[in-house]
Amino acid sequence: MRLTAPLALIALTCGTAARADQAAAVAAFTGAFASYCSAAFLEDGSLVDPPLRHDMTSPVTWGGDPVPVTLWEFRCNIGAYNVQTVFFSDSESSGLMPLSFARPDLDVVLEDPENYEGPVKEVRIAGYSASSYVVNASVDAAAGTISEYSAWRGIGDASSAAVWTLVDEAFRLTRFDVDPSYDGEVTPKTLVSFP
């Protein structure tokens, strides 16, 4: 059956189009993050570094075969010891889209509220939010995971770490560790853990 031009356009927008190439991913990243990810761009608006491509396979919970997913990794901003990374995913059914990453919002209760380097009395999860970037990202395409390690200061005695796992073409938070104490010791505690 031959599609007319309007029907062909509808078919392309409904997920039957071929997965996007690097140029499309760069255009999407530039359009969405040019003002936020200042360290990613040169003065002429081009990228400092091209994105990294990761070909992955997403398990699906509704049954059927795993789904091929292309992950595009873009450097965003750079701090003294942390680098932000933005990710876009691309698949036949979902198309090209930016990813968001769930993370717990923490309520760190100090023994002395005036001394942020003092002993920590308690750490509570106050809720969850989502972020459009991952800090010091590491991708394991074979395992289908993105990991984060965020140093709260250079020596890394206070930090957080997370792992997101690819399922149903999205990344679920499956682990979150935190060490909120500025005590010179590296003693993370796991607050979120899913198999």
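Visitor: What supplies the largest share of the lining of the second largest pocket?

Guide: β6 does, with four residues. This is a predicted model, in which local features need pLDDT of at least 70, side-chain atom pairs count only at pLDDT 80 or more, and totals for chains, interfaces and linings use all residues. Residues are numbered from 1 along each chain as its sequence is written, and side-chain values use heavy atoms, with hydrogens and water left out.

Visitor: What makes a residue part of a pocket lining?

Guide: A lining residue has an atom within 4 Å of a pocket point. The points lie on a 1 Å grid over the protein atoms alone, and a pocket is an open set of them with protein on both sides within 12 Å along at least five of seven lines. For the second largest pocket, the lining includes Val120, Lys121, Glu122 and Val123. Besides β6, both β11 (170–179) and β12 (189–193) give at least two residues. Helices (H or I, at least four residues) and strands (E, at least two) are DSSP runs, numbered from the N terminus.

Visitor: How much space lies in the second largest pocket, and what volume has the largest pocket?

Guide: The second largest pocket holds about 180 Å³, and the largest about 220 Å³. A volume is the space filled by probe spheres set on the grid points, which are joined across faces, edges and corners. In the largest pocket, 15 residues form the lining, and Arg103, Val135, Glu148, Ser150 and Ser160 lie nearest the centre. Here β5 (101–110) supplies the largest share.

Visitor: Why is the pair of phenylalanine 29 and phenylalanine 33 called stacked?

Guide: Rings of Phe, Tyr and Trp (its six-membered ring) pair if their centres lie within 6.5 Å; planes under 30 degrees apart count as stacked, over 60 as edge-to-face and the rest as tilted. The count of aromatic pairs comes to ten. For phenylalanine 29 and phenylalanine 33, the centres are 5.7 Å apart and the planes at 25°, so the pair is stacked. The two are four residues apart in helix α2 (residues 22–33), about one helical turn.

Visitor: How do you know whether phenylalanine 29 is buried or exposed?

Guide: Buried means under 20% relative accessible area, exposed over 50%, and partly exposed in between (1.4 Å probe, protein chains only). Phenylalanine 29 has 0% relative accessibility, so this residue counts as buried. Phenylalanine 33, at 9%, is buried too.

Visitor: How is the aromatic pair of phenylalanine 29 and phenylalanine 41 arranged?

Guide: That pair is stacked, with 5.6 Å centre to centre and 15° between the planes. Phenylalanine 29 lies in helix α2 and phenylalanine 41 in the loop between α2 and β1 (52–58), so the pair ties together parts that are twelve residues apart in sequence. Phenylalanine 41 has 15% relative accessibility and therefore counts as buried.

Visitor: What makes a set of residues a nonpolar core?

Guide: The members must be buried Ala, Val, Leu, Ile, Met, Phe, Trp, Tyr or Cys residues, joined through side-chain atoms within 4.5 Å. The largest such core has 16 residues, and Ile146 is one of those that touch the most other members. β11 gives the most to this core, four residues. A second, separate core has twelve residues, among them Leu47 and Phe88.

Definitions and conventions
On a 1 Å grid over the protein atoms alone, a cavity is a set of points where a 1.4 Å probe fits but cannot get out, and a pocket is an open set with protein on both sides within 12 Å along at least five of seven lines; lining residues have an atom within 4 Å of a point.
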